[in-house]
Amino acid sequence: MDERLTEATRRARGGGPDRYHDKLKVQGKIFVRDRMALLVDAQSFVEDGLLARNDDDELAADGVVTGRARIEGRPVMVIANDPTVKAGSWGRITVEKIIRALEAAYDELLPVFFLVDSAGARITDQVELFPGRRGAGKIFYNQIRLSGRVPQICCLFGPSAAGGAYIPSFCDVVVMVEGRASMYLGSPRMAQMVVGEETTLEAMGGARMHCEVSGCGDALVSSDEEAIEWAKEYFSYVADSYRVRPISYQGEAPASTADISAVLPPDPKGVYDMQDFIDGLVDEDSFFPIKHLFAKEVITGFARLNGNPIGIVASQPNHLGGVLFVDSADKAARFMWLCDAFNIPLLFLADVPGFMIGSQVEAQGIIRHGAKMLTAMAESTVPRICVVVRKAYGAGLYAFSGPGLRPEATIALPGAEIAVMGPEAAVNAVYFNTIESLEEPERSSFIEEKRREYSEDVDLFRLAAEGVIDAVIEPVDLRDELVRRFAIASGKDRLFSERRHGVPPV
């Protein structure tokens, strides 16, 4: 054995000085190579650039571990910061290793896992790593080039600071460890210096804030181990690349075999939890939420239907009535783009009053954000099925892949309503002056008569007779109907439009 090689390898795999390993333990974090061992199949990791910066005892592998591996037998590329080396910060060789890994992932169609725990660029090395053609900007270029080609999955264990915060933002999903993970362009100290704001790291860029408020985080977990398990489970739903389909598994019956109509309250205005409806529809324990803590009025997540992955976009009536806001439109749009990129069929479960109205949301650009949601849905060429569970009013019908947006089918449950607006609002809008001119009891009688006429005009069976609805299905039969329809649609042509790309209203 070459003693020089043995020693250089030992030092490189050992990471930074002992004091930084001790700091990791105090923080409750796991050393980067132990994180890798939890993520990838045993004995599968092949490392590149292990001996980078072996001329400096404190720059083991220059602070980043890169290489190919397998996860559940599937080939992947892994890029992992080592926070024991200069707090995981970037030097020139760090950046070059990341760029090379991303270029290889593009050429070899390898999904990319980022294990991020980095203080960002080393200011002392900025000329070497920042502005050039092989500088840090090339990392982002390559991530954007990879987007939609292969999955990019980020586990955020610690900070992702300044320009480095863009690595998670260009990933498909980001799972964040509460109390440790953070993303920010400027630190609290910089915010105080530049804009005079007094804040904390947690308030400005903490994991919970990003998962609940900004939407930059997709899942909030409590430990490094939980983050890695989340990432691996997420990976089980998506395809290896845009060229192939996701893996199918053995089908499972739903958790409850009871009629899911029991979830729906007798009162059409009654509140219920759409998650209970979903759990009664999909394979047992298969629902995997995305952005669960953000914009809760709409549910997005993966599930399996008879063993096959699907994406679900569903109203959540027990949060703000399921009304669509700016954030919920953004959440749904990005999820649809994700599913369409990796060949995951989409199921829409609508119980939606429509988009929110009022001066506040108009100022926030709800028209633009709603248009983004419609754009993402219309451009999704995977099989799409719309199920109107209870109601779909106004543009809410379009946002949940209604008939005009060319789904494979529009299905309604008995008693569902499809209309420009609900009967109460419609009657008030059309007959306001007349209603105001009447006294009781004539007023109540007039309103009731007009509501009855309105309901007859948009009667579900009339819509079915007119070809608006493809099927009216009892809840107990819905799962089997969806299984058959998705199976038949699996060979769908994926061409949407001959063009370079649209100009989306983002």
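Strand β7 (residues 182-184) runs parallel to β5, and 3 bridges pair the two; strands are DSSP runs of E with at least two residues, helices are runs of H or I with at least four, and both are numbered from the N terminus. Two strands count as paired if DSSP finds at least two bridges between them. The model is a predicted one, in which local features need pLDDT of at least 70 and side-chain atom pairs count only at pLDDT 80 or more, while totals for chains, interfaces and linings use all residues. Residues are numbered from 1 along each chain as its sequence is written, and side-chain values use heavy atoms, with hydrogens and water left out.

Of the 10 residues of β5 (residues 152-161), 9 are buried, so the strand is largely enclosed by the rest of the structure. Buried means under 20% relative accessible area, exposed means over 50%, and partly exposed lies in between (1.4 Å probe, protein chains only).

Turning to charged contacts, the structure contains 29 salt bridges, each defined as a side-chain nitrogen of Lys or Arg within 4 Å of a carboxyl oxygen of Asp or Glu. In one of them, the side chains of arginine 35 and aspartate 117 meet at 3.1 Å, N to O. Arginine 35 belongs to helix α3 (residues 32-39) and aspartate 117 to strand β4, so this pair ties together parts that are 82 residues apart in sequence. Arginine 35 is buried, at 0% relative accessibility, and aspartate 117 is buried as well, at 2%.

A salt bridge of 2.9 Å, N to O, links arginine 390 with aspartate 351. Because arginine 390 sits in strand β13 (residues 384-393) and aspartate 351 in strand β12 (residues 346-352), the contact ties together parts that are 39 residues apart in sequence. Both of these residues, arginine 390 and aspartate 351, are buried.

Glutamate 379 and arginine 499 meet in a salt bridge at 2.5 Å, N to O. Here, glutamate 379 is partly exposed, with a relative accessible area of 22%, and arginine 499 is partly exposed at 40%.
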